[in-house]
Amino acid sequence: MTSKGPKEEHPSVTLFRQYLRIRTVQPKPDYGAAVAFFEERARQLGLGCQKVEVAPGYVVTVLTWPGTNPALSSILLNSHTDVVPVFKEHWSHDPFEAFKDSEGYIYARGAQDMKCVSIQYLEAVRRLKVEGHRFPRTIHMTFVPDEEVGGHQGMELFVQRPEFHALRAGFALDEGIANPTDAFTVFYSERSPWWVRVTSTGRPGHGSLFIEDTAAEKLHKVVSSILAFREKEWQRLQSNPHLKEGAVTSVNLTKLEGGVAYNVVPATMSASFDFRVAPDVDFKAFEEQLQSWCQAAGEGVTLEFAQKWMHPQVTPTDDSNPWWAAFSRVCKDMNLSLEPEIMPAATDSRFIRAVGVPALGFSPLNRTPVLLHDHDERLHEAVFLRGVDIYTRLLPALASVPALPSES
Ligand code: MET
Ligand SMILES: [Zn+2]
Ligand SMILES: [Zn+2]
């Protein structure tokens, strides 16, 4: 792929790099700068702009392009504005400089997850507006905080607000994941995040003695049971080429806590796990399984949930779903091959689907290594621009889906 010199850079790429330089990085994102950025975009594009403060300091910015038929439900284009932290020493370039190399790769935190998508939405709307188009359905773009830490001060609150209901969303697009091949991945459901902390209590004492019934011994048993389950799920995935990552349950041991000194056996220790539960799992039985692993480890082993999503939803990917029909038709017309999958991670789509709005997770990024949350997250400018083209075709189709039976 070739790229133009800095002087001839495509203005959409320049805008993308400008947004990448705003430090909306967890755990202290500069949300104020992001909101100001989107307000300015609204002003320049002549779009409506609404700010909804869902919690103190947490603003959802909504940019609106009204449709010609207000009786119809709207299209919601969602993106989150926060990005995950970086290990700066592992990056080839400053992750908040949006450096572009001589080949056209833009290095930045958020280049894939998901600042690209926010700008691609905006640039597609800008193009369509400049060309003088109008569509029956209203298009809303929502720019939300807090997704990377769970969405509890972001989309989870927003979907409960009257301002959200007033948008009358009929269908939503949200983030997906890049695909290294020529194909594009589209997500129609998600695994449910369950964040579980197991706390083990036992007999304390001197570090030189063979103390029985220690917190560590019992915690070890639970860790072993859970890691054995992990291995089983991994084998299931490996042995069946038809299964994709999102179709099995994953778990990682992500934290171990406890202890005060080398020679003191602690009375309490804990282990934290990030489970991602597949949508077809019997949640009640699965929770009982977790409880029984704790019980089998001995007395005084308990678990608590820091996150426990219980409402997985599936957006149909057949022609019974008029939104899917419109989406997939455009992809077919553009010769894009789609790989429908279950999202292995969690996104704000889960809150949107849970209030009854069908949603697809789609980041129009193909021929791109998956680098979200990784060092040297980057995106080629040509792939970014192709994504703008794709939305420029998708939006007219989605915003022109004829009245649904429920709308007539
Ligand atoms: C479980 S909260 C969502 C945070 C992030 N998107 C993840 O999947 O880890
Ligand atoms: Zn994301
Ligand atoms: Zn992310």
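Predicted model: local features only at pLDDT ≥ 70, side-chain atom pairs only at ≥ 80, totals over all residues.
## Fold and overall size

The protein has 10 helices and 17 strands. Residues are numbered from 1 along each chain as its sequence is written, while chains are lettered from A and ligands numbered from 1 in the order in which they are written.

Along the principal axes, the C-alpha atoms fill a box of roughly 80 × 50 × 45 Å.

Buried residues make up 42% of the 408 residues. A residue is buried if 20 or more other C-beta atoms lie within 10 Å of its own, exposed if 12 or fewer, and partly exposed in between, with C-beta atoms placed from the backbone. Among contacts with a separation of 6 or more, 77% join residues 24 or more positions apart. Two residues are in contact if their C-beta atoms, placed from the backbone, lie within 7 Å.

## Two domains

The domain assignment gives domain 1 (6–190 + 312–407) and domain 2 (194–308). Such bounds come from an automatic or database domain assignment. The domain centres, taken over C-alpha atoms, are separated by 35 Å. Eight residues from domain 1 and eight residues from domain 2 take part in the contact.

On the domain 1 side, strand E15 (residues 338–343) gives the most, with three residues. The residues of that side divide into five nonpolar, two polar and one charged. Here Ala, Val, Leu, Ile, Met, Phe, Trp, Tyr, Cys and Pro count as nonpolar, Asp, Glu, Lys and Arg as charged, and the others, Gly among them, as polar.

## The annotated active site

In an unreviewed entry, UniProt lists Asp-82 and Glu-147 for "active site". They are spread over 66 residues of sequence but cluster in space, with a largest C-alpha distance of 6.8 Å. UniProt positions are given in the numbering used here, feature names are shortened, and annotations may be inferred rather than shown by experiment.

Asp-82 is in the loop between E3 and E4. Asp-82 counts as buried, because 24 C-beta neighbours lie inside 10 Å. Beyond four places in sequence, Asp-82 touches Thr-24, Gln-26, Pro-29, Pro-145, Asp-146, Glu-147 and Glu-148.

Glu-147 sits in the loop between strand E6 (139–144) and helix H4 (155–158). Glu-147 has 28 C-beta neighbours inside 10 Å, so it counts as buried. Leaving aside neighbours within four places in sequence, Glu-147 is in contact with His-80, Asp-82, Gly-154, Met-155, Thr-347 and Asp-348.

## The annotated binding site

For "binding site", the unreviewed UniProt entry lists Asp-113, Glu-148 and His-373. These residues span 261 residues in sequence, yet no two of their C-alpha atoms are more than 10.0 Å apart, so they gather at one spot.

Asp-113 lies in the loop between strand E5 (105–107) and helix H3 (115–130). With 27 C-beta neighbours inside 10 Å, Asp-113 is buried. Not counting residues up to four places away, Asp-113 touches Val-83, Glu-175, Leu-372 and His-373. His-373 is in the loop between strand E16 (359–361) and strand E17 (378–380). His-373 counts as partly exposed, because its C-beta neighbours inside 10 Å number 15. Val-84 and Asp-113 are its contacts, again not counting residues up to four places away.

## Around ligand 1

The residues around ligand 1 are Glu-147, Glu-148, Gly-150, Pro-193, Gln-307, Ala-345, Ala-346 and Thr-347. Each counts as near if its C-beta atom, placed from the backbone, lies within 6 Å of the molecule. By class, the shell has three nonpolar, three polar and two charged residues.

Methods
Helix = DSSP H or I, 4+ residues; strand = E, 2+ residues; numbered from the N terminus.
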